[in-house]
Amino acid sequence: MRIDSDWSKTPPVELWRRAIGPGWSSFAVQGDLVYTQEQRGESEMVTCYQLSTGKPVWMHRDAARFYESNAGTGPRGTPTLSQGRVYTFGATGIVNVLDAGTGARVWSRNAATDTGAKLPGWGFSSSPLVVDDVVIIAVAGQLVAYDRATGAPRWTGKSNGGGYSSPHLYTIDGVPQVLLLSGTGATGVTPADGKVLWEHAWEGGSIVQPAVIEGDLLINSISMMGGEGLRRLSVKRAGDGWAVEERWTSKGLKPYFNDFVVHNGHAYGFDGSILSSIDLADGKRKWKGGRYGDGQLILLADQDLLLVVSEEGELALVSATPDKFTEVARFAAIEGKTWNHPVLVGNILLVRNGEEMAAFKLR
């Protein structure tokens with residue numbers, strides 16, 4: 001699907017807009033149903049809306065409320081959809097498995113209680129990962145797996161020093177594994193039992209997800225001051241074990257909680273509040289430009305474009321090419337601090353923050 005990038009002539013068309021409770025969850029979408037998490041008073045909510053109209057379909061409530069002074073109130077993680085069920089992880093540790101059509105509870109656990117994990121400063125922020133017959137949760141740098149059907153605990157991994165990244169499934173040398181970025185670095189484990197396959201040390205932690213590039217991994221680390229940079233790792237089978245080699249570490253692109261994308265041998269993302277591009281061959285920066293605050297972005301690969309949502313709720317189209325920074329178009333979408341990741345479903349763009357959400361048709 002290609003969109004018209006001349007927004008001066010064919011700007012995004014608003015389909016609907018509605019108020020929403022606070023929280024930094026994004027959207028999971030299937031068919032005409034949209035799922036997210038939000039806070040309503042003293043209740044942490046998993047909510048379902050119609051994609052076509054924005055009208056509520058169902059709401060699930062838990063008596064839970066998380067607050068911290070920087071990011072405010074509400075859940076952080078985005079729901080996961082799998083085989084007719086919605087899997088969510090709330091800011092205080094509640095794991096819910098709900099019927100996707102009705103919101104009826106299938107089972108529920110508290111991952112913080114199950115692991116003894118301390119509530120992190122920014123709340124539990126990851127999304128569940130469903131692999132075969134287990135549901136895997138990252139509880140501030142520690143993995144815990146539950147039986148997919150019953151919710152019974154299956155295995156618990158070791159604590160890796162905190163973190164806000166989600167468990168990430170990938171396959172290397174034919175071996176499926178779950179990658180977790182945490183306070184101590186990167187770890188790969190087997191999904192069925194949590195057995196550690198390999199580890200790579202990089203102190204700090206992570207919020208965003210890794211990327212797989214030509215069989216290698218692209219990971220990041222953070223500090224209290226923000227992003228620390230990107231690192232390219234080679235992870236390969238070596239006899240009965242695994243060999244992990246650092247190819248390069250770059251300060252040219254330093255993601256914090258803002259996504260980065262990979263396109264045609266380059267990575268694009270937020271370096272602080274400014275967009276940046278680096279060459280994946282050596283990590284060297286190609287360009288830096290544009291100020292979008294702590295925004296988020298989506299790659300439109302067929303058109304060599306980045307669809308950026310700024311921290312102020314503006315939409316922008318930026319060229320995903322390594323020659324220079326070029327902003328192609330800009331459009332005011334929503335108002336208020338916008339940290340939530342946007343979602344593009346066909347030609348329908350969903351955006352939200354802690355106050356409102358809206359759907360736009362891109363021509």
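Biologist: Ground rule before we start: buried means under 20% relative accessible area, exposed means over 50%, and partly exposed is in between. By that rule, is D147 buried or exposed?

Modeller: Buried. This is a predicted model, and D147 comes out at 18% relative accessibility, which is under the 20% limit, so D147 counts as buried.

Biologist: Which residue forms a salt bridge with D147?

Modeller: R154. The closest N and O atoms are 3.1 Å apart. R154 is partly exposed, with a relative accessible area of 36%.

Biologist: How many salt bridges does the whole structure have?

Modeller: The search finds 20. One of them joins the side chains of R105 and D62, at 3.2 Å from N to O.

Biologist: Where in the chain do R105 and D62 sit?

Modeller: In distant parts of it. R105 is in strand β11, residues 105-110, and D62 is in strand β5, residues 56-63. They are 43 residues apart.

Biologist: Is D62 buried or exposed?

Modeller: D62 is at 10% relative accessibility, so it counts as buried.

Biologist: What about E327? What does it form a salt bridge with?

Modeller: R330, with the closest N and O atoms 2.9 Å apart. E327 is partly exposed at 31%. R330 is partly exposed too, at 36%.

Biologist: Which residues are linked in a network of salt bridges?

Modeller: E214, D216, R232 and R247. E214 is also worth a look for its backbone. Its phi is near 50°, a positive value in a residue other than glycine.

Biologist: Where is E214 found?

Modeller: In the loop between β20 (211-213) and β21. E214 has a relative accessible area of 74%, so it is exposed.

Biologist: And D132, what is its phi?

Modeller: Near 55°, again positive and again in a residue other than glycine. D132 lies in the loop between β12 (129-131) and β13 (134-138). At 64% relative accessibility, D132 counts as exposed.

Biologist: New topic, the cores. Which residues touch the most other members in the largest nonpolar core?

Modeller: L300, L307, L315, L317, L349 and V351, out of 17 residues in that core. At least two core residues come from each of β28 (296-300), β29 (305-309), β30 (314-319), β33 (348-352) and β34 (356-361). The largest share, three residues, comes from β29.

Biologist: Why would such residues sit together?

Modeller: As a general rule, nonpolar side chains in soluble globular proteins tend to be buried together.

Biologist: Zoom in on V351. What does V351 touch, not counting residues up to four places away in sequence?

Modeller: F27, V309, L315, I334, P342, E356, M357, A358 and F360. There is also a second, separate core of 16 residues, which includes V97, A112, V139 and V144.

Biologist: Now pockets. What volume does the largest pocket have?

Modeller: About 1,000 Å³. It is lined by 42 residues, and S125, I207, V208, F257 and Q296 lie nearest its centre. The elements that give two or more residues to this lining are β2 (28-30), β8 (80-82) and β24 (260-263). β24 gives the largest share, three residues.

Biologist: How do the residues of that lining divide?

Modeller: Into 23 nonpolar, 15 polar and four charged.

Biologist: How many cavities of 30 Å³ or more are there?

Modeller: Two. The largest cavity has a volume of about 40 Å³. F124, S125, S126, A138, A140, G141, G163, Y164 and S165 line it. That lining divides into four nonpolar, five polar and no charged residues.

Biologist: What lines the second largest cavity?

Modeller: L181, S182, G185, W202, G205, S206, N220 and S221. β17 (175-182) and β21 (216-223) are the elements that give two or more residues to this lining. About 30 Å³ of space lies in this second largest cavity.

Biologist: And how do its lining residues divide?

Modeller: Two nonpolar, six polar and no charged.

Key: Residues are numbered from 1 along each chain as its sequence is written. This is a predicted model: local features need pLDDT of at least 70, side-chain atom pairs count only at pLDDT 80 or more; totals for chains, interfaces and linings use all residues. Side-chain values use heavy atoms; hydrogens and water are left out. A nonpolar core is a set of buried Ala, Val, Leu, Ile, Met, Phe, Trp, Tyr and Cys residues joined through side-chain atoms within 4.5 Å. Buried means under 20% relative accessible area, exposed over 50%, partly exposed in between (1.4 Å probe, protein chains only). Helices (H or I, at least four residues) and strands (E, at least two) are DSSP runs, numbered from the N terminus. Contact means heavy atoms within 4.5 Å. On a 1 Å grid over the protein atoms alone, a cavity is a set of points where a 1.4 Å probe fits but cannot get out, and a pocket is an open set with protein on both sides within 12 Å along at least five of seven lines; lining residues have an atom within 4 Å of a point. Grid points are joined across faces, edges and corners, and a volume is the space filled by probe spheres set on the points. Ala, Val, Leu, Ile, Met, Phe, Trp, Tyr, Cys and Pro count as nonpolar, Asp, Glu, Lys and Arg as charged, and the others, Gly among them, as polar. A salt bridge is a side-chain nitrogen of Lys or Arg within 4 Å of a carboxyl oxygen of Asp or Glu.
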